[in-house]
Structures are given as C-alpha cells and as structure tokens.
Amino acid sequence: MVCPCGLLTRREEPGLSPVPLKSISVTLSICEFVAGVSATLNYENEENAPLEAFFVFPMDEDSAVYSFEALVDGKKIVAELQEKMKAHANYEEAISQGNQAFLLEEDKDSRDIFSCNVGNLPPGSKAALTLKYVQELALEADGALRYVLPAILNPRYQLSKRPEDGCLKMKIPVVSSENLPYTLSMVATISSQHGIERIQSNCPLSPLEYLGDKTSAQISLADGHKFDRDVELLIYYSEVHAPSVAVEMGEPTAKPDCLMGHPSAMVSFYPDIPEAQPPITCREFVFVMDCSGSMQCPINNQDKSQPRIEAAKETLILLLKSLPVGCYFNIYRFGSTFEAFFQNSAQYTQHTMEEALKKVTLMEADLGGTEILAPLKSIYRGPSIPGYPLQLFVFTDGEVDNTFSVIKEVKSNALKHRCFSFGIGEGASTSLIKGIARAAAGMAEFITGKERMQLKVLRALKRSLQPVVEDISVRWELPPGLSAQMLSPEQTVIFRGQRLIIYAQLTGMMPPAEATGEVCLKYTLQSKNFENKVTFSLQPKFDTNLTIHRLAAKSFLQTKDMGYGETPANDKKDVLKVSLECGVISSHTAFIAINKDLEKPVQGPMVQRDIPRPMLFYSSAVFSPAVGFDSGVDPNRGPRSKARSPKVASPQKRRVWSSAMRTSVESHRTVSEDNNLVQLISLQKADGSWDLNEGLAKILGMSVEDILAALPAKGVDSSGWATVLAVIWLHDNYKDLKCEWELLERKAVTWIHIHAGSAQHVLIEAATALLKSSVDPAVFSP
C-alpha cells in the first residue's frame with residue numbers, strides 16, 4: 001500500500017467533499033552532481049467553510065530543505081525556521097486568532113517524510129505551497145548520476161508499544177491511480193562542463209533537447225504519471241570521475257562566527273583504489289532478511305514482476321554460493337518476530353551451506369510486521385569471532401516507524417562491524433537504508449524498477465571482501481592567512497569505485513583572484529601509501545541559493561541529528577545552532593509562516609478533508625488483511641493500533657525457490673528463460689567445485705556417459721572435469737551476468753588450480769572442444 005504526497009485530514013468528516021489537490025509541479029535544476037529542486041503543490045478550497053489540512057511530502061533523506069512559502073490568493077507568505085516547539089506554539093496561537101498559518105516539519109519518526117499544517121484556508125481560496133531543497137546525486141556503478149523524485153510513501157509499520165502520532169498512521173481513502181484528482185509535472189534542466197551523453201528514466205519523458213552545445217539540456221516528464229512509482233533519472237556525462245573543488249561565497253549579512261558567513265568549499269574525489277588479489281576471506285557475514293508481509297509485493301509496480309521475497313531468496317542463494325571458504329556466516333529472517341538459522345555464526349562448509357540453502361528455499365513473507373530493531377540487538381549481543389570482522393547485510397523494504405532508534409543502535413555498535421543495506425521496491429525509506437549504512441561505514445543500495453537485486457548485492461559483497469583502507473586524512477595547501485576547517489565528519493572508510501565528497505569552511509583573508517589552493521587525500525592500503533591531489537581556484541563564486549553551504553550544513557546535521565527524541569543533549573545544541581543559522585530544517589526545527597495581513601480574521605469552524613492515495617494493481621488482489629500485510633493501514637478501515645501476529649504459511653503453500661524465478665529485466669535476459677543459471681549455481685559446492693552428475697549433464701545438454709567418454713586423461717578426478725566444463729559454460733551462456741557469478745567463478749578457478757594440477761591445461765582444451773566454445777583459456781588464470 002502506498003501514500004503519495006498531498007493534503008490529508010486529521011479526522012474523518014463523513015459526507016463532505018474532499019479538498020482537491022489540483023496539481024504538483026516540480027522544477028529541477030541539475031548542475032554536475034548537485035540537484036536544486038522547487039516543488040509547488042496547488043490547492044483550491046471549493047467549499048463554504050475554512051479548512052485546516054495536512055500535507056505529506058516524501059523526499060530523499062539527503063535533501064537539504066531550506067525554503068518554504070505559501071502563495072495564497074496572490075499574496076506570498078515566506079516561512080521562518082524556528083525551534084520546533086516554538087513554531088508549534090506560534091501556529092496554534094495564530095489559528096486561534098483567525099490568522100492563516102502554515103507549519104512545515106520533518107516527521108518525528110523519519111528524515112524522509114515531511115508534514116505541513118495548512119490552517120484557516122478560506123472558502124474560495126487558492127493556495128500554492130512551494131518548498132525548495134538541494135541534494136547530492138548518487139553515483140551508480142556504471143557512472144550514471146541518479147536523481148529520484150519520490151512519489152510513493154509507504155506507510156511505516158506501527159509498533160504496538162508506540163503512540164500513533166506520526167503523519168502516516170491516518171485514515172486515508174484509497175482509489176485507483178487512474179482516478180486520482182491531481183497531476184504531476186516536472187521540467188528538468190541539466191548542465192555539465194564535461195558534456196551530457198544521455199538521460200534515462202523509468203518514466204516516459206519528452207525527447208532530450210540540447211540547449212546550444214551538449215553541456216546543457218532539458219527534458220520533461222510526459223503527461224499522465226500515475227503515482228505508481230518514484231520518478232528516477234539516470235544522467236550520463238562524458239566525464240564523471242574527474243576530481244573537482246567548488247568554492248562558494250558566504251552570505252554577506254551573516255554573522256562572522258557562523259557557517260554562512262565564510263566561503264565554503266565542496267571537494268569531490270574519486271580515489272583509484274586497486275583491487276586486492278586475492279580478496280580477504282577472514283570475515284563473518286550475517287544476512288538479515290525482511291520476511292514481513294509487504295515483502296510479497298512485486299519489486300516494481302509497472303508489471304507483474306517478481307515478488308520481493310523471491311528476488312531476495314534468489315540473491316541469498318547466490319550469496320551463499322559466493323562466500324569464501326573459511327569464513328563464518330549466519331542468516332536472520334525477521335518480521336514481527338525473528339529467527340536465526342544457526343545459534344551462532346557457523347563456519348562455511350559444505351554441510352552448513354546445504355543446511356542454510358534448505359531453509360532459504362522455504363522462506364516466505366509470512367512474519368507479519370517489520371520490526372528490525374530486535375534482530376539487530378540480538379546480533380550485536382552475540383559473541384564476536386576474533387580475526388573475523390563482522391559484515392552485516394540488511395535487506396528490507398524499509399517500512400518501519402522507529403527509524404531513528406534503529407540508526408542509533410547501529411551507530412552505537414559501529415566499531416564492531418560494517419553495514420551494507422538494501423532498500424527493496426518502490427518507496428523504501430531512504431532515511432532507514434542510508435542511515436544505517438552511514439552509521440556503520442558501509443554502503444546503501446536501492447533496488448527499484450527493473451534493476452536486478454543480485455547485481456547490487458554481489459557488488460557489495462566484493463567490497464566487503466576488500467582490505468580496509470586505513471589512515472585516511474585530508475591536507476590543505478592554502479596561502480598564508482587562509483585556513484580550512486572541515487565540516488564533514490571524519491572519513492573512516494573508502495570503497496573502490498566510490499566518490500568521496502568533503503565540505504570545508506575557508507576562514508581568514510581571501511587572496512587575489514588568480515590565487516590557487518591544493519587539497520590532498522591520503523590513505524594507506526595494505527601497507528602502501530596513496531595520494532590524490534587536486535588544485536583549484538580560490539576565487540569564490542556567488543550562488544543565491546548558497547547551495548554548497550546548505551549541503552555542508554546537511555552533511556553536519558546527518559551525523560549529529562538522531563531524531564527529536566534520540567539526539568543527545570550536547571548534539572541537540574549543535575543541531576539547533578547549525579539548522580537555524582543555515583536555514584536547513586532538522587528534526588528539532590520547523591518552518592512557520594503566518595499571514596497577519598488579512599482584513600479580518602477567518603470566520604467559522606474549520607473542517608478537514610482527505611486527498612485520496614492510489615491503490616496499486618497488487619493492493620487488493622494480493623494483500624487483503626488475511627495474509628498479514630504489514631503496511632500499518634488497512635485500505636478500508638484505517639490504521640491498526642496493534643502489531644499483527646505472524647502468520648506462518650503451511651508447508652503445502654510454501655513454494656520452492658527454484659520454480660519461482662520471475663525476474664523482469666530490460667537490458668539482460670531473464671534468468672527464468674530456462675532456469676539453467678539458477679540450477680548450475682545451486683549445484684556448486686562450498687569449495688567451488690561441481691560434481692559430475694545428472695543435474696550438470698542436463699544443463700550442458702548431454703548425458704553423463706558422453707561427458708565421461710570425452711574425459712581427456714585417465715585417472716583425472718571427474719569433479720575437475722565437471723568444474724572446468726561449468727566455468728566455460730558460464731562464460732558461453734551468461735557472460736552478460738558475469739558480475740553476479742564472478743565470485744563463485746573465482747572459487748572454482750582456485751579449486752581447479754589446487755586439484756587439477758598439471759592436467760588443467762588438457763582439461764580446458766578438451767572442454768572447449770566438447771562445448772564448441774570460443775572462451776579464452778586465460779579465464780582460468782590464477
């Protein structure tokens with residue numbers, strides 16, 4: 001179930017017409033890897049009574065919201081950022097006196113949801129509510145910059161012991177997406193000095209229009225968006241990995257001792273970290289899998305795609321086959337309750353791998369709600385294994401209402417582990433997924449649309465097997481009288497292929513326009529020292545929106561602000577200071593706007609109205625209350641006050657994973673075409689080898705007798721022959737998915753070198769001939 005942004009009521013008023021949200025218009029400006037967004041929501045009160053309404057707006061948790069204003073009947077009312085309780089009191093006082101008032105704040109439970117009270121909207125009035133924010137764009141593995149305009153807001157699972165005072169625990173009418181009374185439009189302008197190659201989207205766009213040369217372009221969202229998915233743009237520049245430094249002028253009227261009063265620098269590094277060979281194997285891997293009811297939803301909402309739980313099971317099996325020999329591992333599944341496959345992490349052997357695989361194939365989305373805090377606490381309480389650092393992999397659709405408590409728990413155990421988090425499906429909480437990864441020096445990934453979960457998860461596994469980069473430091477070379485004060489938190493980890501962004505404040509006497517500075521990133525990897533340097537102009541540029549200053553403030557707030565009820569007192573003081581000085585909203589501040597210029601107070605009691613949310617195609621067909629769907633909101637009865645008890649599927653209804661692969665992929669073949677890749681991976685042993693049996697022979701399209709007859713040398717172990725054949729078959733048939741089976745292939749090649757000995761060259765030549773393959777024998781190089 002999903003909830004879009006819109007005006008929502010606090011209580012039900014049967015028999016009255018809803019307040020129509022007419023349209024949502026978004027203006028997007030992307031320069032290099034920073035986005036500036038202005039979103040306007042247009043409403044009209046067509047009734048005879050004044051309204052108090054509730055506005056819910058989802059956005060990425062990296063967004064720095066710095067402006068909020070209302071245009072009511074042609075009059076602009078600009079909001080002021082205040083301490084939250086003060087803003088609430090001012091709002092209530094204004095409403096009681098008949099003034100129009102507007103209140104914008106973060107949801108108390110999550111950084112990626114905003115709520116806005118619109119008070120005393122008179123009959124016949126039109127209101128346009130505009131908020132502005134800036135954010136860094138994520139860098140994808142293929143070099144694309146990813147911008148997401150959130151259009152879906154999944155209800156957070158309501159814990160039974162928590163009060164129902166969040167903005168998502170409300171009765172909201174549900175209609176089909178075709179019947180929504182409002183529209184979405186978006187115009188985007190993209191610019192880069194390196195040139196724009198192409199722009200891709202999960203939604204229909206107008207043709208890309210270049211403005212002059214290829215350094216600037218414009219696109220727009222096609223009409224008819226149905227609020228069934230977030231709007232995602234993938235932007236490809238001709239050059240994306242060039243280090244850069246941008247210096248922005250401070251605000252002339254700001255106090256000298258505040259962040260806004262001095263120039264700020266934004267440094268972007270792309271460290272060229274070499275890949276370790278062989279990778280480190282001494283690791284403890286714990287995989288935490290969401291098995292709540294909502295995991296039965298499809299990954300994307302555009303077609304009948306694979307359910308999230310099935311994609312997760314396929315990925316778990318691939319992970320189990322890709323783990324290195326000698327590591328330790330465990331798997332937790334959680335919902336309203338949780339359970340571990342092993343009492344403590346087990347050593348990775350053929351026996352423990354087979355035991356885990358049997359349990360994975362029987363997993364279902366049958367554990368009710370989404371309560372992730374309990375399993376995390378259990379993992380952290382468990383015994384650590386000396387010499388085997390913990391690598392935690394968390395898979396969830398991110399629908400919880402205690403986000404800050406979860407992040408705080410992960411952060412308090414950050415020295416014990418690294419956390420790699422994966423948000424599955426549309427509307428996963430960016431606050432939760434990014435927050436826990438940031439707290440434990442890991443990486444966050446989101447799997448939406450037609451992306452393959454396996455690709456992103458295996459990339460994270462490769463990163464977890466790399467040695468830790470140590471002694472990270474940043475050194476500035478600046479003219480005398482000028483110094484740099486770091487605003488970003490101390491960097492403790494850098495991954496291969498990762499972009500590193502650093503913010504700093506420049507204080508002192510700014511030199512002449514022609515002066516330059518240098519910043520150097522230093523780090524150590526496997527006892528070797530590395531440096532990345534970039535020289536830059538010290539002439540600051542003017543930006544009306546103070547984009548770099550706002551992003552620097554947001555970077556600071558993300559490390560200190562742990563929610564309204566969770567932030568320590570000392571950090572709260574710093575959060576309030578930076579938030580108010582920089583005009584960037586936090587969990588402790590709110591925007592308040594009051595229109596005191598009305599000729600007379602608004603008369604009459606206020607009423608409330610609902611703007612309906614869309615019901616996606618699977619909402620009624622797949623998830624009735626009887627199957628334990630954990631949204632926290634029943635489409636007909638409103639929110640539940642208690643957690644739903646886990647509903648465990650009977651063994652007869654449990655589907656075996658190998659028969660349920662239905663992955664929809666646009667650019668690759670689907671694994672379900674013949675399921676041979678899944679079957680081949682399932683047959684591999686923990687040590688990396690394959691046995692020669694009927695299962696392998698069927699995949700190869702031969703009989704066991706024919707394969708044995710082609711064995712080139714007597715006395716050679718048939719497993720060596722089978723393993724060479726399997727590796728060649730992988731290259732011949734699924735080369736486009738190599739990034740997913742690369743780690744298990746490494747295990748196989750290592751096993752061949754150890755066990756095939758001098759016969760390996762003969763085996764490779766014979767296998768190539770038998771399979772009529774053109775694979776380069778170099779793939780078997782150590």
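On helix α3, the exposed residues His351 and Lys358 sit on the face turned away from the helix's buried side. Exposed means over 50% relative accessible area, buried means under 20%, and partly exposed lies in between (1.4 Å probe, protein chains only). This is a predicted model: local features need pLDDT of at least 70, side-chain atom pairs count only at pLDDT 80 or more, and totals for chains, interfaces and linings use all residues. Residues are numbered from 1 along each chain as its sequence is written, and side-chain values use heavy atoms, with hydrogens and water left out.

**Helix α3**

- Helices (H or I, at least four residues) and strands (E, at least two) are DSSP runs, numbered from the N terminus.
- Helix α3 covers residues 350-361, which makes 12 residues.
- The expected span of a helix is 1.5 Å times one less than its number of residues.
- The buried residues of α3 are Thr352, Met353, Ala356, Leu357, Val360 and Thr361.

- Two strands pair if DSSP finds at least two bridges between them.
- Strand β28 is joined to β31 (residues 516-525) by 6 bridges, and the two run antiparallel.
- Glu470 stands opposite Thr524 in β31.

- Strand β20 (residues 264-269) is mostly covered, with 6 of its 6 residues buried.
- Ser264, Met266 and Ser268 point one way from β20, while Ala265, Val267 and Phe269 point the other way.
- Strand β19 (residues 244-248) runs antiparallel to β20, joined by 5 bridges.
- Val245 has Val267 in β20 as its bridge partner.
- Strand β30 (residues 500-508) also pairs with β20 in the antiparallel sense, over 6 bridges.
- Ala265 has Ala504 in β30 as its bridge partner.

**Aromatic rings**

- Rings of Phe, Tyr and Trp (its six-membered ring) pair if their centres lie within 6.5 Å; planes under 30 degrees apart count as stacked, over 60 as edge-to-face and the rest as tilted.
- The count comes to 14 aromatic pairs.
- Phe395 and Phe422 have ring centres 4.9 Å apart and planes at 15°, so the pair is stacked.
- Phe395 lies in strand β25 (residues 390-396) and Phe422 in strand β26 (residues 417-424), 27 residues apart.
- Both Phe395 and Phe422 are buried.
- Trp729 and Tyr734 have ring centres 5.6 Å apart and planes at 45°, so this pair is tilted.
- Trp729 is buried at 8% relative accessible area, and Tyr734 is buried at 1%.
- Ring pairs link Phe285, Phe287, Phe393, Phe395, Phe420, Phe422 and Phe495 into a cluster.
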